[in-house]
Amino acid sequence: MEFSGETVKRLREQRGWSQEHLAGAAGLSARTVQRMEAAGRASGETCMAIAAALSVEMDQLADAQPAPVATGTDPLTIAFTLILMIMLMLAGGYTVGKDLAMRDNARDSSSQASGR
């Protein structure tokens with residue numbers, strides 16, 4: 001199958017991936033990715049694996065313009081991230097507050113035991 005080796009390379013580099021990383025994500029050898037980028041030819045199965053790893057349609061591998069990379073700015077991703085951050089902050093605050101309360105209780109118990 002013919003495709004643009006330069007497009008594959010640009011899509012890979014947009015993600016900050018090495019050829020080895022793309023190969024691992026696609027279940028291919030690094031040498032196969034190297035050949036694809038250099039020669040612009042590969043089997044249909046190899047192209048499907050690369051397209052799936054890059055989260056693009058196969059026809060986008062032939063385009064001269066690279067497909068846009070998801071930035072994580074969709075409303076659902078933002079909402080999920082905010083909820084996760086709030087939960088982590090609340091959990092962290094609870095742990096710190098609990099530790100301080102236990103320390104104060106232990107100090108109060110030792111003060112009462114010594115008669116102060």
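This is a predicted model: local features need pLDDT of at least 70, side-chain atom pairs count only at pLDDT 80 or more; totals for chains, interfaces and linings use all residues.
At what angle do helix 2 and helix 4 pack? The angle is about 105 degrees, and the two axes lie 8 Å apart.

**The chain as a whole**

The protein chain holds five helices and zero strands. Read from the N terminus, the order of elements is α-α-α-α-α. The chain has 116 residues, and buried residues make up 23% of them.

**Two helix pairs**

Helix 4 takes part in both of the pairs described here. The table sets out their geometry.

| Pair | Residues | Axes | Angle |
|---|---|---|---|
| Helix 2 and helix 4 | Helix 2: 19-26 | 8 Å apart | about 105 degrees |
| Helix 3 and helix 4 | Helix 3: 30-39; helix 4: 44-54 | within 12 Å | roughly 95 degrees |

Take helix 2 first. Angles of 65 to 115 degrees count as roughly perpendicular, so helix 2 and helix 4 are roughly perpendicular to each other. On the helix 2 side, the contact is made by Leu 22, Ala 25 and Ala 26. On the helix 4 side, Ala 49, Ile 50, Ala 53 and Leu 54 make it. By class, this contact has seven nonpolar residues, no polar ones and no charged ones.

Now helix 3. Its axis and that of helix 4 cross at roughly 95 degrees. Helix 3 and helix 4 are therefore roughly perpendicular to each other as well. Helix 3 brings Thr 32, Val 33 and Met 36 to the meeting. Helix 4 brings Thr 46, Cys 47 and Ile 50. Here the classes are four nonpolar, two polar and no charged residues.

One residue links the two pairs. Ile 50 of helix 4 meets helix 3, and Ile 50 is also part of the contact with helix 2.

Which loop holds Ser 55? Ser 55 lies in the loop between helix 4 and helix 5, and helix 5 covers residues 75-113. The backbone of Ser 55 deserves a look. Its phi is near 55 degrees, a positive value in a residue other than glycine.

Is Ser 55 buried or exposed? Its relative accessibility is 64%. Exposed means over 50%, so Ser 55 counts as exposed.

Definitions and conventions. Residues are numbered from 1 along each chain as its sequence is written. Side-chain values use heavy atoms; hydrogens and water are left out. Helices (H or I, at least four residues) and strands (E, at least two) are DSSP runs, numbered from the N terminus. Buried means under 20% relative accessible area, exposed over 50%, partly exposed in between (1.4 Å probe, protein chains only). Axes are lines fitted to C-alpha atoms, for helices over the stretch in contact, and angles run from 0 to 180 degrees between N-to-C directions. Angles under 35 degrees count as roughly parallel, over 145 as roughly antiparallel, 65 to 115 as roughly perpendicular and the rest as oblique. Contact means heavy atoms within 4.5 Å. Ala, Val, Leu, Ile, Met, Phe, Trp, Tyr, Cys and Pro count as nonpolar, Asp, Glu, Lys and Arg as charged, and the others, Gly among them, as polar.
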